[in-house]
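Here is a friendly briefing to read alongside the model. Have the sequence and the 3D view open, and follow along residue by residue.

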Amino acid sequence: MQYRAIGLIEGQYIPSPEHFTRGILRTSDGLDLNAVLLGRVMSLVRKHLRPERNYLWVVYPRTRDKTEDLHVQLLGVWAPEEMGRTLPEGSRPTVVPDWFSIRGEVVFQSQEKGFIIVKIRQSGKKASANSPSQRVQKDGAAAPKPQAFKLRLIGSLPGKGVGNFWDLQVRRRGSLLYVEAGTPIGPVLKTPPRPRLKRSPPQPKARKSSTPSTRGEASIQEPFYPLRDPTKVPKPVKRKRP
């Protein structure tokens with residue numbers, strides 16, 4: 001159950017005037033798809049590729065949430081001649097553009113409208129030994145969850161497809177992705193939610209002690225009684241005779 005969403009598109013990459021890494025991929029059938037260059041292929045496009053020529057691109061497909069438009073991320077390109085490699089005659093791989101391999105969990109399907117939604121989980125990037133995330137994992141805390149995205153595909157699946165992991169063969173037609181074949185792999189097991197920690201009841205506040213503090217002051221003041229002068233003798237009290 002390895003998630004995957006990758007395919008091949010033949011076309012010409014045209015960068016935008018503002019950002020070289022963002023532009024359009026003009027396909028061989030004349031369609032303009034929004035495209036983003038990833039770091040691996042950026043230097044190849046700058047130094048070796050001819051901007052007026054079509055190439056076979058390895059792409060990550062993406063579909064928007066509210067619309068059915070397709071946009072792609074370019075991560076590879078087939079250009080052996082531009083890289084200085086001379087291939088023998090007949091050694092070009094027999095690949096067909098506009099085909100995609102989609103492997104993921106089907107989270108929704110509509111038989112009436114004829115589309116399905118597949119959830120793809122991305123594997124998290126490996127952190128270095130000195131990164132904060134790696135230090136957190138060593139301390140025993142939970143690692144960050146891998147990100148996920150959803151693809152909207154045109155077609156239907158036999159039986160109950162929701163909740164199962166599928167291996168799908170998909171073909172691009174225009175700006176839409178159509179399911180040509182699918183193989184169910186098995187149900188996707190849901191991870192149980194983590195139990196919530198019970199909060200301990202509030203402890204009663206400790207009463208102040210009546211013992212003197214370190215400064216010699218009593219926390220509870222004693223009543224003040226004035227002292228008598230021992231040199232003064234009290235006068236006798238005369239009692240009246242009956």
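The side chains of Asp29 and Arg172 are joined by a polar contact of 3.4 Å. Keep in mind that this is a predicted model.

**Around Asp29**

- Asp29 sits in the loop between β2 (22–27) and β3 (32–37).
- Is Asp29 buried, exposed or partly exposed? Its relative accessibility is 46%, so Asp29 counts as partly exposed.
- Once neighbours within four places in sequence are set aside, Asp29 is in contact with Arg172 and Gly174.
- Asp29 and Gly174 are 145 residues apart in sequence, yet 8.0 Å separates them in space, C-alpha to C-alpha.

**Thr27 and Gly11**

- Thr27 belongs to strand β2, and with a relative accessibility of 4% Thr27 counts as buried.
- Arg172 turns up again here: setting aside neighbours within four places in sequence, Thr27 is in contact with Ile9, Glu10, Gly11, Leu33 and Arg172.
- Gly11 is found in strand β1 and is buried, its relative accessible area being 0%.
- How far apart are the C-alpha atoms of Gly11 and Thr27? They are separated by 4.0 Å, although the two residues are 16 residues apart along the chain.
- Beyond its neighbours within four places in sequence, Gly11 has contacts that include Leu25, Arg26, Thr27 and Ser28, and also Arg53, Asn54, Tyr55 and Trp57.

**Aromatic pairs**

- How many aromatic pairs does the structure hold? There are five.
- In one of them, the ring centres of Tyr3 and Phe165 are 5.1 Å apart and the planes meet at 80°, so this pair is edge-to-face; the cut-off for that label is an angle over 60 degrees.
- Tyr3 lies in the segment before β1 (4–15) and Phe165 in strand β9 (residues 164–173), so this pair ties together parts that are 162 residues apart in sequence.
- Phe108 and Phe115 form a tilted pair, with 5.6 Å from centre to centre and 40° between the planes.
- Phe108 is partly exposed, with a relative accessible area of 39%, while Phe115 is buried, with 8%.
- Tyr13, Phe20, Tyr55 and Trp57 are linked into a cluster by ring pairs.

**Charges over rings**

- Phe20, a member of that ring cluster, also has the charged end of Arg46 sitting over its ring, 4.1 Å from the ring centre.
- The charged end of Arg173 sits over the ring of Tyr178, 5.1 Å from its centre.

**The nonpolar core**

- In soluble globular proteins, nonpolar side chains tend to be buried together.
- Which residues touch the most other members of the largest nonpolar core? Of its 32 residues, they are Trp57, Leu74, Ile102, Leu153 and Leu168.
- Trp57 also belongs to the ring cluster with Tyr13, Phe20 and Tyr55.
- Not counting residues up to four places away in sequence, Leu168 touches residues including Phe100, Ile102, Ile116, Val118, Leu153 and Leu157, as well as Val179 and Ala181.

- Most residues other than glycine have a negative phi.
- Asp98 is not a glycine, but has a positive phi of about 70°.
- Asp98 lies in the loop between β5 (70–78) and β6 (99–110), and is buried, with a relative accessible area of 15%.

**The chain as a whole**

- The protein chain has two helices and 10 strands, and along the sequence they follow the pattern β-β-β-α-β-β-β-β-α-β-β-β.
- Of its 242 residues, 27% count as buried.
- Among contacts in the chain with a separation of 6 or more, 59% come from residues 24 or more positions apart.
- The chain exposes about 18,900 Å², and carbon and sulfur atoms supply 53% of that area.

How values were computed: Residues are numbered from 1 along each chain as its sequence is written. Side-chain values use heavy atoms; hydrogens and water are left out. Rings of Phe, Tyr and Trp (its six-membered ring) pair if their centres lie within 6.5 Å; planes under 30 degrees apart count as stacked, over 60 as edge-to-face and the rest as tilted. Helices (H or I, at least four residues) and strands (E, at least two) are DSSP runs, numbered from the N terminus. Buried means under 20% relative accessible area, exposed over 50%, partly exposed in between (1.4 Å probe, protein chains only). A charge sits over a ring if NZ of Lys or CZ of Arg is within 6 Å of the ring centre and within 35 degrees of the ring normal. Contact means heavy atoms within 4.5 Å. Accessible areas come from the Shrake-Rupley method with a 1.4 Å probe; for residues, only the protein chains shown count as cover. A nonpolar core is a set of buried Ala, Val, Leu, Ile, Met, Phe, Trp, Tyr and Cys residues joined through side-chain atoms within 4.5 Å. A polar contact is a pair of N or O atoms within 3.5 Å; within protein, one must be able to donate a hydrogen and the other to accept it, and residues adjacent in sequence count only if both atoms are side-chain atoms.
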